Amino acid sequence: MNGHGLPRGFLANIADLIKDHATIELILGPMLKALAAAIEQLLACDRVANRIARKDKTVQDLMTAPRGPIVALGFMTGVATLTRFKSSSSVGAFFGMTPRRYQSGEVNVAGGISNCGDGMARSLLYGAAKVLLSRASKPSDLQAWGQALAERAGKKKATMAVAR
């Protein structure tokens with residue numbers, strides 16, 4: 001794999017397969033060139049993100065999460081300054097990752113997440129939590145807690161709790 005979902009040599013194999021078929025080559029040739037250019041740009045962006053991440057101590061601490069520098073940089077972009085939060089639980093609320101509450105008299109109903117805040121950071125954190133719960137190779141306390149919660153409350157709720 002090249003790190004972005006395509007097996008090594010995929011583009012070369014496809015180009016090799018279609019070279020004897022003029023009509024197919026006419027149709028797919030430009031698409032393969034565009035895909036190759038997009039992959040090249042994506043790899044260049046990854047290199048820049050890694051370079052930026054290596055320079056920041058806070059981002060380095062956050063890179064232990066799955067998907068490393070992209071999630072860490074997205075989180076730091078959304079938060080801007082960590083010192084403005086009194087506790088870690090208020091960061092989850094800032095990104096809209098806490099359940100909505102409806103309270104009136106004796107009624108106290110928990111709803112879905114509020115979706116307030118930075119959607120990009122929320123989706124990056126959710127994706128990292130999903131990877132951590134489903135295919136992380138190194139076991140951790142957070143992973144064990146999330147898997148136990150998934151058995152009780154369901155996979156989506158557990159993933160959001162781990163992301164929070």
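## Close-up views of a predicted model

**View 1. The K19–D16 pair.** K19 and D16 form a salt bridge, with 3.0 Å between the closest N and O atoms. The term salt bridge stands for a side-chain nitrogen of Lys or Arg within 4 Å of a carboxyl oxygen of Asp or Glu, and by this rule the count comes to one. Side chains of opposite charge can pair when their charged atoms come close. K19 is partly exposed, at 47% relative accessible area, and D16 is also partly exposed, at 45%. Here buried means under 20% relative accessible area, exposed means over 50%, and partly exposed lies in between (1.4 Å probe, protein chains only).

A word on the model itself: it is predicted, so local features need pLDDT of at least 70 and side-chain atom pairs count only at pLDDT 80 or more, while totals for chains, interfaces and linings use all residues. Residues are numbered from 1 along each chain as its sequence is written, and side-chain values use heavy atoms, leaving out hydrogens and water.

**View 2. The largest nonpolar core.** This core has 23 residues, and V59, F75, V79, V91, F95, M97 and L125 touch the most other members. At least two core residues come from each of α2, α4 (68–79), α6 (119–135) and α8 (155–163). Helix α6 gives the largest share, seven residues. A nonpolar core is a set of buried Ala, Val, Leu, Ile, Met, Phe, Trp, Tyr and Cys residues joined through side-chain atoms within 4.5 Å. Helices (H or I, at least four residues) are DSSP runs, numbered from the N terminus.

**View 3. A nonpolar patch on the surface.** Meet I24, L26, I27, L28 and M31, which together have about 480 Å² of accessible area. Patches consist of residues with over 30% relative accessible area and no salt bridge, nonpolar side chains (Val, Leu, Ile, Met, Phe, Trp, Tyr) being joined within 5 Å and like charges within 9 Å. Accessible areas come from the Shrake-Rupley method with a 1.4 Å probe, and for residues only the protein chains shown count as cover. L28 sits in helix α2.

**View 4. A positive surface patch.** R47, R51, R54 and K55 make up this patch. Lys and Arg count as positive, and the place of a charge is NZ of Lys or CZ of Arg. R51 belongs to helix α2 (residues 22–55) and is partly exposed, at 43% relative accessibility.

**View 5. R152 in helix α7.** R152 lies in helix α7 (residues 141–153) and counts as exposed, at 62% relative accessibility. The C-alpha atoms of R152 and A80 are separated by 35 Å, the two residues being 72 apart along the chain.
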